[in-house]
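Please keep the model open while you read these notes. Each point takes up one place in the chain or one pair of elements.

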Amino acid sequence: MQGEDEPSSSATMVEDEIYANGTSADDQKRNRPIITGEQLDIEAYASLYSGRTKITRLIFIADHCGADTNQTMQLEALRMAYDEIKKGENTLLFREVVTKIDGRLGPDYGMDATWCEMIERRAEQRKDKLENELNAYRTNLIKESLRMGYNDFGDFYYAHGALGDAFKSYVRTRDYCTTSKHIIHMCMSAILVSIEMGQFTHVTSYASKAEQTPEALDAITSAKLRCAAGLAHLEVKKYKLAARKFLETGPELGSHYNEVIAPQDVATYGGLCALATFDRSELKSKVIDNVNFRNFLELVPVVRELINDFYSSRYASCLDYLGNLKPNLLLDIHLHDHVETLYDQIRHKALIQYTLPFVSVDLRMMADAFKTSVTGLEKELETLITNNQIQARIDSHNKILYARHADQRNATFQRVLQTGSDFDREIRSMLLRANLIKHDYNQRGGSRKI
């Protein structure tokens with residue numbers, strides 16, 4: 001009955017496995033387990049992403065790591081965000097980051113008014129040029145030129161942080177799409193901006209439109225759409241649907257969608273959502289035995305180990321892994337709002353699965369297996385029993401949980417009686433209808449006078 005504890009060296013062994021793959025320093029850095037029980041390696045984490053999401057994730061870490069408890073991590077995230085923004089043209093994000101830094105990184109990371117003026121002057125010139133080109137395209141009424149014109153406007157607005165205008169421009173290209181490839185490109189652009197804006201209803205809508213195009217999607221595009229749909233389901237707390245989408249993501253994804261999500265995220269999001277919602281058989285067939293998803297899990301060995309521990313009923317080890325991962329998961333821009341809910345669901349499933357095979361369970365042994373107190377365990381079990389998730393009763397004096405297994409013999413007998421009663425009623429109804437037809441009896445409804 002008692003859960004098995006992992007050897008204390010297991011975490012070290014898992015860490016050592018990670019660096020055994022790859023030959024070059026760059027490969028080792030990219031394949032490192034960014035999500036581990038140790039403090040988040042911001043530089044390695046940021047290297048997984050590109051574009052705007054890299055900056056927003058760094059800002060999110062700076063906002064949520066806690067200036068009082070971890071000022072070093074906060075300043076490191078802001079420094080990297082500052083450097084990344086200077087490579088682009090988004091002066092809005094630049095001013096936001098400078099305000100957050102507040103002079104704490106020295107004069108090299110202060111307000112660069114000259115750079116902002118240069119970027120904004122160049123942006124005005126670029127915008128005028130795009131407007132002149134678009135007006136010329138409208139005069140010529142060439143669909144492909146108009147589509148490209150609006151798409152260029154979308155790219156321009158996106159680069160400068162005007163996400164609402166970027167979305168409108170991308171969507172306007174729909175009227176000028178002439179091939180399935182054009183429609184898919186429009187949908188992918190709209191999905192990208194919608195994810196950045198947090199408008200996940202648009203993500204679901206445009207992912208569905210892209211999947212309904214007549215031409216078959218290539219493997220990379222299909223993987224991107226599944227990731228986008230998975231994020232949309234995750235956002236609305238449909239964890240089982242999210243898990244299915246992430247589990248269906250093909251290994252072709254690679255780093256082709258790092259402007260939105262990294263392969264390590266697919267493993268983490270998919271693994272945790274599956275643990276929280278899948279039953280034991282689904283966990284085995286759709287996660288552990290899933291060859292494609294195994295490729296993602298290899299990038300995050302800690303998630304792989306905790307899934308295997310859960311399936312093997314090593315709950316103490318599984319919950320230890322989850323506890324160590326929690327601080328870093330709370331710094332994830334998409335997962336942070338769902339960590340508590342997912343953890344509660346996983347723990348409840350572990351408690352239910354632990355008690356299921358037994359007629360009685362010693363609460364002291366169970367508390368040891370789950371690394372908790374007997375009093376705390378009783379409260380958790382009381383909640384599960386009240387919610388009808390565990391059929392049992394607690395002997396608080398002797399600290400024993402007694403299962404209430406249904407009387408299978410009586411239940412079978414009752415089902416047989418009910419089936420016989422239903423059969424008798426149906427036969428009588430059939431005989432009545434047959435006799436009515438035989439005697440050509442038809443009752444016609446007529447008007448009645450009162």
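**Notes on the predicted model**

1. Start with helix α5 (residues 71–85) and helix α6 (residues 91–101). Their axes come within 10 Å and cross at roughly 155°. Axes here are lines fitted to C-alpha atoms, for helices over the stretch in contact, and angles run from 0 to 180 degrees between N-to-C directions. That angle makes α5 roughly antiparallel to α6. The crossing of α5 and α6 is left-handed. Left-handed means that the near helix is turned anticlockwise from the far one by less than a right angle; clockwise would be right-handed.

2. Which residues of α5 and α6 meet? From α5 come L78, A81, Y82 and I85. From α6 come L93, F94, V97, V98, K100 and I101. Contact means heavy atoms within 4.5 Å. By class, this contact has nine nonpolar, no polar and one charged residues. Ala, Val, Leu, Ile, Met, Phe, Trp, Tyr, Cys and Pro count as nonpolar, Asp, Glu, Lys and Arg as charged, and the others, Gly among them, as polar.

3. A word on the source. This is a predicted model, in which local features need pLDDT of at least 70 and side-chain atom pairs count only at pLDDT 80 or more, while totals for chains, interfaces and linings use all residues. Residues are numbered from 1 along each chain as its sequence is written, and side-chain values use heavy atoms, with hydrogens and water left out.

4. Now the whole chain. It has 22 helices and three strands. Helices (H or I, at least four residues) and strands (E, at least two) are DSSP runs, numbered from the N terminus. Of the 450 residues, 44% are buried. Buried means under 20% relative accessible area, exposed means over 50%, and partly exposed lies in between (1.4 Å probe, protein chains only). Take the contacts between residues at least 6 apart in sequence: 62% of them join residues at least 24 apart.

5. Next, helix α9 (residues 163–172) and helix α10 (residues 180–197). The two axes come within 9 Å and cross at roughly 160°. The pair is therefore roughly antiparallel. α9 passes α10 in a left-handed crossing. On the α9 side, the contact uses L163, G164, A166, F167 and Y170. On the α10 side, M186, S189, A190, V193, S194, E196 and M197 take part. By class, the contact of α9 with α10 has eight nonpolar, three polar and one charged residues.

6. How do α12 and α13 run, parallel or antiparallel? Their axes come within 8 Å and cross at roughly 165°. The two helices are therefore roughly antiparallel. This crossing is left-handed. R226, C227, A229, G230, L231, H233 and L234 of α12 make the contact with Y239, L241, A242, K245, F246 and E248 of α13. These residues divide into eight nonpolar, two polar and three charged.

7. Look at the loop between α12 (219–235) and α13 (239–248), where K237 sits. Phi of K237 is near 65°, a positive value in a residue other than glycine. Most residues other than glycine have a negative phi. K237 is partly exposed, with a relative accessible area of 45%.

8. N388 also deserves a check. It lies in the loop between α21 (374–386) and β2 (392–395). N388 has a positive phi of about 65°, although it is not a glycine. Its relative accessible area is 52%, so N388 is exposed.

9. Is H334 buried or exposed? At 10% relative accessibility, H334 counts as buried. Its place is in the loop between α18 (315–329) and α19 (339–355). Leaving aside neighbours within four places in sequence, H334 is in contact with R57, I195, F200, L231, L234, V260 and Y269.

10. Last, two C-alpha distances. E133 is found in helix α7 (residues 113–140) and is partly exposed at 26% relative accessibility. Its C-alpha atom is separated by 7.2 Å from that of G149, 16 residues apart along the chain. N398 lies in the loop between β2 and β3 (400–403), and at 39% relative accessibility it counts as partly exposed. N398 and D362 are 36 residues apart in sequence and 8.6 Å apart in space, C-alpha to C-alpha.

Note on methods. Angles under 35 degrees count as roughly parallel, over 145 as roughly antiparallel, 65 to 115 as roughly perpendicular and the rest as oblique.
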